[in-house]
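Hello,

Here is the structure you asked for. My notes follow below it.

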Amino acid sequence: MTTSLCLEHSGDEAPKKKDYSSTCYIRQSNFEFCGYSLKINRTLGANLGVSAYVWEAGIALCRYFEKEKISFTGRKVIELGSGTGIVGILAALRGGNVTITDKPTILKQINSNVSTNIPTVCRHRLKVRPLTWGEDHTDFPADYDFILGSDIVYRSDTYPALIETLRHLANQRTTIYLASEFRKENGCLSFHELLLPEYFNCKVVDKSMDNDIYVYKMTKIDTSPADGLHM
Ligand SMILES: C[S@@+](CC[C@H](N)C(=O)[O-])C[C@H]1O[C@@H](n2cnc3c(N)ncnc32)[C@H](O)[C@@H]1O
C-alpha cells in the first residue's frame, strides 16, 4: 500500500501537498482538551472504515473528562475500540497507565497518533494492543481502574462479544465510561438500558441532546454469594 504524501488540516481548505497516485492519505484534525492540543491523524483510503473518523461520542467523552476534571494519574486504564486513539491518548496525558486497543488493522493509525501526541517521557505509560471483543479479551487482566469506550455500541451483532469483554476486564472497583450516540436502527438504547444493567450498575452522567450522545458511568454488579450463604 502506498502511503500518504498528503497532510490535510481539518476543515475544507485545500491540501498543501497531495500525491494522487497514493491509495491512502492522512488527514489531520486538531482538538483542544484539558489544556492539551491534540493532532489526530486519520488514514483515509486504507479501508479502516468507521475507525478513520473521530466520532462525536469520542469528543463528548473527552469533553466530559475536561468538564469533570477527571484525573487518571497513577490509574490503570484500558480503552476499547479506540479508532484514532484520541480518548486513550487524553487519558495518558492526564496521567494514566493506558492500554489502547482495537482490531489489529487499526493499530498503525493509533500508533501514529501516539507518536505525534505523547511526549517521549510519558511513552512508557502507554501501550497499543490488539483486542477483538469476545476473541482475545482473556489475554488482558481484570485489574483495570477504568475502562473507556466511545461509539463502540453501534452494531448489534457485536453486543454479546462486547459484554463478554467488559465482564472479563472489569472488577468491582473498575469504573467504566461509555459514550454512545443513540441511533435508532442499531439497538443502542436497548443495549444500554436492558442488556448492560444485567451485569453493571449504569448511570447517565452527561448527555448532549443536540446529537443524542449519552455518557454512561458503570460499575460491575457484585454477583458473588453473600457471606451468609457460605455458612
Ligand atoms: C465508530 S468507531 C469509534 C472509534 C472511536 N472510539 C471514536 O469514538 O472515534 C468503532 C470502533 O470500534 C472498533 N470495533 C468494532 N468492532 C470491534 C470488535 N469486535 N473488537 C474490537 N474493536 C471493534 C472499530 O474498529 C472502531 O475503531
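**The sheet and what packs on it**

An open sheet of seven strands, with mixed pairing, runs in the order β6-β5-β4-β7-β8-β10-β9. Strands (E, at least two residues) and helices (H or I, at least four) are DSSP runs, numbered from the N terminus, and two strands pair if DSSP finds at least two bridges between them. Because β6 (126-130) and β9 (200-208) stand at the edges with a single partner strand each, one side of each has no neighbour in the sheet. From one strand to the next, the twist averages 20 degrees.

This is a predicted model, in which local features need pLDDT of at least 70 and side-chain atom pairs count only at pLDDT 80 or more, while totals for chains, interfaces and linings use all residues. Residues are numbered from 1 along each chain as its sequence is written.

Within the sheet, β7 (residues 146-150) and β8 (residues 175-181) pair in the parallel sense over five bridges. F146 stands opposite T175 in β8. Helix α3 (residues 107-117) packs on the sheet and touches β5 (97-102) and β6; contact here means C-beta atoms, placed from the backbone, within 7 Å. The direction of α3 makes about 170 degrees with that of β6. Axes are lines fitted to C-alpha atoms, for helices over the stretch in contact, and angles run from 0 to 180 degrees between N-to-C directions.

**The hairpin**

Strands β2 (residues 24-33) and β3 (residues 36-44) run antiparallel and are joined by nine bridges. R27 stands opposite R42 in β3. Two residues separate β2 and β3 in this hairpin, and C34 in the turn has a positive phi of about 55 degrees.

**The helix pair**

Helices α1 (residues 56-67) and α2 (residues 86-93) pack at an angle of about 15 degrees, with axes 9 Å apart. G58, L61, C62 and F65 in α1 meet I86, V87 and L90 in α2. That contact has six nonpolar residues, one polar and no charged; nonpolar means Ala, Val, Leu, Ile, Met, Phe, Trp, Tyr, Cys and Pro, charged means Asp, Glu, Lys and Arg, and the others, Gly among them, are polar.

**The ligand**

Of the 22 residues around the ligand (C-beta atom, placed from the backbone, within 6 Å), S51, G58, G81, G83 and S150 come nearest. The shell divides into ten nonpolar, nine polar and three charged residues.

Terms used
Contact = placed C-beta atoms within 7 Å.
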